[in-house]
Amino acid sequence: MSNTIWAVDGSFFAQRLSGIQRYSIELLAALDRIVPPGFVEIVTPPDVETPHYTNIKVVSFGTHRGGVWQQLDYPRYLRQRGARGLATCNVIPLFGFRGIAVVHDVCYRARPDFYTDPRGRLSAAWHCLQYRRIAKRAERIITVSEFSKSEIAKYYGVPASKMDVVYNAWQQMQRIAPDESIFARHPQLKPGQYYFSMANLLKNKNFPWVLRAAGAKPDAVFAIAGGGSLAAEAERLGLADLPNVLYLGYVSDGAAKALMAHCKAFLFPTLYEGFGIPPLEAAACGAPQIIVSDTPCMREVYGPCAAYIDLTANPGDVDDVTPATAPTAALLEKYSWDKSAERLLQILAK
């Protein structure tokens, strides 16, 4: 083990939890079990709550918060500490960064057609600036799939020898107790007789496909969890009058686990992902079938353990899929946070 000190940008602990933050939290928890004391630190803005660690030191530093902290205080800490940085959420300081960055995907660059409103264009511009800066400044890049690695090479010219893949995993679902009361609140949900999906209005998630699938199969119930204006979007698309669609709104982790466990199939018709963790979580919760889009990323991650939708030839048909040929047990064996943490430690050590 080298004498390098790695200082993780811990500002994600103050952010809304999504897949990127989940990756950071679970990977560091697993890393803490195997890393030597003094090798890795997490540096955070002031007054940020973090989990308890045994071997990783947590340091509160600076006076700012959010993006300003990332751009000013974090690089100042790296300089003062003589440490290398580990940034796990697609963002590095534009100046003063030396270390490793995690890029989960380059959707903003690969699919600019998903970001056409003013806020989306502004976000895309910022993230594309970050991608370019990471490609130029990071000593190494970690990403979450071979597909994402190929996309970074394609759009930013980063050689494969400078990149490593550290996968997502699913063990966080073991800590969640299923909340079966969701079925009492929604008696139209009969175990084994509904399709379940988790939606939002991001264009890559392809929410309209689920509505078209419901329209093509009126005898089946389609339960959709997610906040925002899903019903309003359905009305805008002319797909609001579907009596077999049930909008659940935001659901707790426990309710989501119960819904995954008892569904007929979990639907994930994504158009673009760096990994795509929800079907893996559904499989971990006992979903009898996961149905995903037939894209290179989904094929890499889910292999023979998923059924595949041909989004171009048969949009909106849950029956017309290429069936799975292997049990999800093989899928769950492939991915674990412990394996990913071991891989990360190898990368940091060398």
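Select E41 and R81: their side chains make a polar contact at 2.6 Å. A polar contact here is a pair of N or O atoms within 3.5 Å; within protein, one must be able to donate a hydrogen and the other to accept it, and residues adjacent in sequence count only if both atoms are side-chain atoms. The model is predicted, so local features need pLDDT of at least 70 and side-chain atom pairs count only at pLDDT 80 or more, while totals for chains, interfaces and linings use all residues. Residues are numbered from 1 along each chain as its sequence is written, and side-chain values use heavy atoms, with hydrogens and water left out.

**Stop 1: E41 and R81**

Stay on E41, which lies in strand β2. Helices (H or I, at least four residues) and strands (E, at least two) are DSSP runs, numbered from the N terminus. The pair with R81 is also a salt bridge, with the closest N and O atoms 2.6 Å apart. The term means a side-chain nitrogen of Lys or Arg within 4 Å of a carboxyl oxygen of Asp or Glu. The pair links distant parts of the chain, with R81 in helix α2 (residues 66-81) and E41 in β2 (residues 40-44), 40 residues apart.

Are the two partners buried or exposed? E41 is buried, at 3% relative accessible area, and R81 is partly exposed, at 35%. Buried means under 20% relative accessible area, exposed over 50%, and partly exposed in between (1.4 Å probe, protein chains only). Now show what surrounds E41: leaving aside neighbours within four places in sequence, E41 is in contact with I5, W6, A7, V8, I56, K57, V59, Y77 and R81. Contact means heavy atoms within 4.5 Å.

**Stop 2: other salt bridges**

Side chains of opposite charge can pair when their charged atoms come close. The count for this model comes to 14 salt bridges.

Select R343 and D164, whose side chains meet in a salt bridge (2.9 Å, N to O). R343 lies in helix α13 (residues 337-349) and D164 in strand β7 (residues 163-165), so this pair ties together parts that are 179 residues apart in sequence. R343 is partly exposed at 28% relative accessibility, whereas D164 is buried at 5%.

Next, select D294 and R299, which form a salt bridge at 2.8 Å, N to O. D294 is partly exposed at 40%, and R299 is partly exposed at 36%. Then select R22, E26 and R175, which are linked in a network of salt bridges.

**Stop 3: the seven-stranded sheet**

Switch to a cartoon view and find the open sheet, with seven strands in the order β10-β9-β8-β11-β12-β13-β14 and mixed pairing. Two strands pair if DSSP finds at least two bridges between them. The edge strands are β10 (245-249) and β14 (321-322), each of which pairs on one side only.

Select β11 (residues 265-268) and show its side chains. A265 and L267 point one way, F266 and F268 point the other way, and all are buried. In a regular strand the side chains alternate between the two faces of the sheet.

Which strands pair with β11? Strand β8 (residues 194-198) pairs with β11 in the parallel sense over two bridges, and F196 stands opposite F266. Strand β12 (residues 290-293) runs parallel to β11, joined by three bridges. In β12, I290 is the bridge partner of F266, and V292 stands opposite F268.

**Stop 4**

Keep F266 selected. Not counting residues up to four places away in sequence, F266 touches F196, S197, M198, M260, P278, P279, A282, A287, Q289, I290 and I291. In the largest nonpolar core, of 102 residues, F266 is among the members that touch the most others, along with L31, V40, F196, Y302 and L348. Helix α13 gives the most to this core, with six residues. A second, separate core has 22 residues, including F207, W209, A214 and A307. A nonpolar core is a set of buried Ala, Val, Leu, Ile, Met, Phe, Trp, Tyr and Cys residues joined through side-chain atoms within 4.5 Å.

**Stop 4: two positive phi angles**

Most residues other than glycine have a negative phi, and most peptide bonds are trans. Select N90, in the loop between β4 (84-87) and β5 (99-102): its phi is positive, near 75°. N90 is buried at 5% relative accessibility. Finish at N206, in the loop between β8 and α7 (207-216). N206 has a positive phi of about 60° and is buried, at 9%.
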